[in-house]
Number of protein chains: 2
Amino acid sequence: MEKLKQRILNEGTVLPGSIIKIDGFLNHRVDCAFLGEIADEFARIFDLSQVDVILTAEASGIPLAAVCAFKWGKPMIFAKKAKSDNIEGGLYKSEIMSYTYKKVVTLILSKQWLTPGTRVLIIDDFMARGEAVRGLCELVEEAGASLSGIGIAVEKGFQGGGDRLRQMGLNYHALAVIEKAEPGIIIFRDEE
Amino acid sequence: MEKLKQRILNEGTVLPGSIIKIDGFLNHRVDCAFLGEIADEFARIFDLSQVDVILTAEASGIPLAAVCAFKWGKPMIFAKKAKSDNIEGGLYKSEIMSYTYKKVVTLILSKQWLTPGTRVLIIDDFMARGEAVRGLCELVEEAGASLSGIGIAVEKGFQGGGDRLRQMGLNYHALAVIEKAEPGIIIFRDEE
């Protein structure tokens with residue numbers, strides 16, 4: 001998605017350790033109108049008639065998933081991190097490594113809200129090593145739901161998470177794949 | 001908001017400790033189309049011409065704030081909980097008590113994204129003792145921004161957070177104020 005790449009180039013910064021900050025429009029201060037354009041791009045890629053629900057993980061995936069779900073007239077579920085007293089029994093769980101927080105976190109999802117046969121489109125803002133998406137896929141499998149696709153706004157291609165999903169033959173698409181990120185330098189992978 | 005109250009009565013459950021679960025449409029599985037109706041109700045209450053940005057706290061406030069921001073053509077900022085390595089220096093911070101997680105958490109907000117003079121509308125899904133909103137108000141004050149209003153979908157009126165804000169004379173509105181919640185019983189406060 002050309003406009004997304006341009007915004008990453010114009011507004012993004014790269015911190016040491018190839019940490020890409022685009023938190024001025026994607027995941028801290030959020031340009032929700034632009035998220036609507038990202039939703040339109042996903043709608044061109046995925047067959048939404050085959051999607052019952054949008055699934056994401058808290059917290060930074062929620063704005064994009066919510067705007068997609070709103071525009072497409074679908075419900076959205078966000079998997080929660082860690083145990084809250086306000087979620088009673090009956091949970092699907094998946095442990096993932098959070099490199100942002102440098103610890104293992106448990107994604108949880110109430111069994112009540114994801115039932116067998118439901119067709120799920122996973123949406124997330126960022127993919128690096130792909131731990132969050134791996135956890136979400138596990139939740140889908142635990143639920144006996146089916147995975148219609150995985151849509152990611154920005155993939156850090158050099159960290160391998162996206163390529164692993166491609167090799168698995170999943171219906172995976174990222175709108176901007178960053179091949180190299182160093183302070184002052186962002187290079188995108190050629191279009192698929 | 002009559003339709004919100006009806007959905008709470010029809011779909012909500014009350015756990016011991018007056019914990020109100022409406023996570024089938026508001027904050028786990030999310031009915032984003034209905035969030036759009038809540039956004040329309042807020043738009044009748046608040047003068048959006050006096051609002052530059054929507055502010056909420058992660059995680060459960062984000063879907064509602066995102067849909068509001070999308071419908072209103074405004075940017076949205078969500079304050080994060082705890083320190084992430086991906087947010088470099090320059091933070092506004094506020095410590096709040098999370099009764100859900102039974103611990104003190106720190107709300108953080110990058111100074112880059114909330115600047116002096118910005119007119120802020122705080123949006124959140126739930127208000128109990130009002131700790132999250134208190135923290136968000138502190139962030140607004142630290143930033144030298146101005147508070148245009150506070151909009152809450154569901155207030156647990158019997159826990160006092162909303163009344164404290166009313167007594168302070170803030171432009172505070174909740175769309176459904178629950179006066180009593182016990183297993184099998186939900187009673188709303190009379191309309192303001």
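1. Let me start with B:Leu26, which touches B:Asp125 and B:Ala153 once residues up to four places away in sequence are left out; contact here asks for C-beta atoms, placed from the backbone, within 7 Å. B:Leu26 sits in the loop between E2 and E3 of chain B, where helices (H or I, at least four residues) and strands (E, at least two) are DSSP runs numbered from the N terminus. B:Leu26 is buried because 26 other C-beta atoms lie within 10 Å; the cut-offs are 20 or more for buried, 12 or fewer for exposed, and partly exposed in between, with C-beta atoms placed from the backbone. From B:Leu26 to B:Gly61 the C-alpha separation is 9.1 Å, although 35 residues separate them in sequence.

2. A word on the ground rules: the model is predicted, with local features needing pLDDT of at least 70 and side-chain atom pairs counting only at pLDDT 80 or more, while totals for chains, interfaces and linings use all residues. Residues are numbered from 1 along each chain as its sequence is written, and chains are lettered from A and ligands numbered from 1 in the order in which they are written.

3. Now the interface, where 35 residues of chain B are in contact with 34 residues of chain A. On the chain B side, strand E2 (19-21), strand E3 (29-30), helix H2 (32-45), helix H3 (62-72) and strand E5 (76-81) each supply at least two residues. H3(B) gives the most, with 6 residues. By class, this side of chain B has 19 nonpolar, 8 polar and 8 charged residues; Ala, Val, Leu, Ile, Met, Phe, Trp, Tyr, Cys and Pro count as nonpolar, Asp, Glu, Lys and Arg as charged, and the others, Gly among them, as polar.

4. Strands also cross the chain boundary. Strand E5 (residues 76-81) of chain A runs antiparallel to E3(B), joined by 2 bridges; pairing requires at least two DSSP bridges. A:Met76 has B:Val30 of E3(B) as its bridge partner.

5. After H3(B) comes B:Gly73, with a positive phi near 70 degrees.

6. Next, the helix pair between the chains. The axes of H3(A) (residues 62-72) and H3(B) come within 8 Å and cross at roughly 55 degrees, with axes fitted to C-alpha atoms over the stretch in contact and angles running from 0 to 180 degrees between N-to-C directions. H3(A) is therefore oblique to H3(B): under 35 degrees would be roughly parallel, over 145 roughly antiparallel, 65 to 115 roughly perpendicular, and the rest is oblique. The crossing is right-handed, that is, the near helix is turned clockwise from the far one by less than a right angle. A:Ile62, A:Pro63, A:Ala66, A:Val67 and A:Phe70 of H3(A) meet B:Ile62, B:Pro63, B:Ala66, B:Val67 and B:Phe70 of H3(B). This contact has 10 nonpolar, no polar and no charged residues.

7. Within chain B, the axes of H2(B) and H3(B) come within 9 Å and cross at roughly 65 degrees, again in a right-handed crossing. Contributors include B:Leu35 and B:Phe42 of H2(B), and B:Leu64 and B:Trp72 of H3(B). The contact residues comprise 11 nonpolar, 1 polar and 1 charged.

8. Finally, A:Glu11 in helix H1 (residues 2-11) of chain A is partly exposed, because it has 14 C-beta neighbours inside 10 Å. A:Glu11 contacts A:Ile22, A:Gly24 and A:Phe25, leaving aside neighbours within four places in sequence.

Notes. Two residues are in contact if their C-beta atoms, placed from the backbone, lie within 7 Å.
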